[in-house]
Amino acid sequence: AVVFDEGASKITLKSRANARFLTAGANGASALAATSLTARDGETFLAQDLGWGCTTLRSSITGKYVTSVSGNFVANDVEAHNWNYVYCFNFVAQPGGGYDILYYNGRYLTANTTLRTGGTTPDAWGVFDLTVVEDGIQRAAALAAGADAAIVFAGNNPTINGKENQDRQDITLPPAQDQLIQAVLAANPNTALALVASYPLAVNQADQNVPAILYSSHGGQEL
């Protein structure tokens, strides 16, 4: 049988201002707000680190991507597909602990009511404790350990990190993806890497250690 794991970590975000969890509601579709005293499914999110300060968040209930809708943030979209980086959140570690969340437009998020964009500097209502409930890389490696062979898919979303009007800082593979490849390879030496990307990628570590690598570009609107 073929088993699949996307390698996304399940996380919770707890406001340091009121000690309540960020929640998308029991159905995973409500406007995000730091109002829950407990962490259940509605308070957990699937976080995917795409590199260069872009982490996407999805509801762990619906699987939909969190984005800005009429000023609020809602797990609203089935796919991360937009001209702007509206699905990108940058978690900025603070010296005193916790994280500020910087949105793609250069504004920090604040949760004094619902979660919304604030100013260009963080405020007290925008600091969150981030807890990893399930580590996606460890989960994927555990599955690989019990398989005859493993295939790791890496690369980029065609509308995130490298497209018209948006330049990459370098050509390296995002660190989280490199860590995923190394973890799966360590768990199962019979591992192949499939790269699907909009551009060349430097994969030196994989090139030296992974038995087989396949590259495919994004061939159009649909792959």
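At 58% relative accessibility, Pro211 counts as exposed, where exposed means over 50% relative accessible area, buried under 20%, and partly exposed in between, with a 1.4 Å probe and protein chains only. This is a predicted model, in which local features need pLDDT of at least 70, side-chain atom pairs count only at pLDDT 80 or more, and totals for chains, interfaces and linings use all residues. Residues are numbered from 1 along each chain as its sequence is written, and side-chain values use heavy atoms, with hydrogens and water left out.

Back to Pro211. Its place is the loop between helix 3 and strand 15 (212-217); helices (H or I, at least four residues) and strands (E, at least two) are DSSP runs numbered from the N terminus. Leaving aside neighbours within four places in sequence, Pro211 is in contact (heavy atoms within 4.5 Å) with Leu185, Pro189 and Thr191. The C-alpha atoms of Pro211 and Asn190 are separated by 7.3 Å, at 21 residues apart along the chain.

Now helix 2. Its 13 residues, 175-187, should span 18 Å at 1.5 Å a residue, and the end C-alpha atoms are 18 Å apart, which agrees; the expected span is 1.5 Å times one less than the number of residues. Buried in helix 2 are Ala176, Gln177, Leu180, Ile181, Val184 and Leu185. Their cover includes strand 4, helix 1 (136-145), strand 13 (150-155), strand 14 (191-197) and helix 3 (204-209).

Asn188 sits in the loop between helix 2 and strand 14. Is Asn188 buried or exposed? It counts as buried, because its relative accessibility is 6%. Its side chain reaches the backbone oxygen of Ala147 at 2.9 Å. Not counting residues up to four places away in sequence, Asn188 touches Ala144, Ala147, Asp148, Ala149 and Ala150.

Next, the cores. A nonpolar core is a set of buried Ala, Val, Leu, Ile, Met, Phe, Trp, Tyr and Cys residues joined through side-chain atoms within 4.5 Å. The largest has 29 residues, of which Leu22, Phe45, Leu57, Val66, Phe89 and Leu115 touch the most other members. Elements giving two or more residues to this core are strand 1 (9-15), strand 4 (45-49), strand 6 (65-69), strand 7 (72-77), strand 8 (89-93) and strand 9 (99-103). Apart from this core lies another, of 19 residues, among them Leu173, Leu180, Tyr199 and Ala206.

Leu57, not counting residues up to four places away in sequence, has contacts including Ile11, Phe45, Tyr87 and Phe91.

How values were computed: A polar contact is a pair of N or O atoms within 3.5 Å; within protein, one must be able to donate a hydrogen and the other to accept it, and residues adjacent in sequence count only if both atoms are side-chain atoms.
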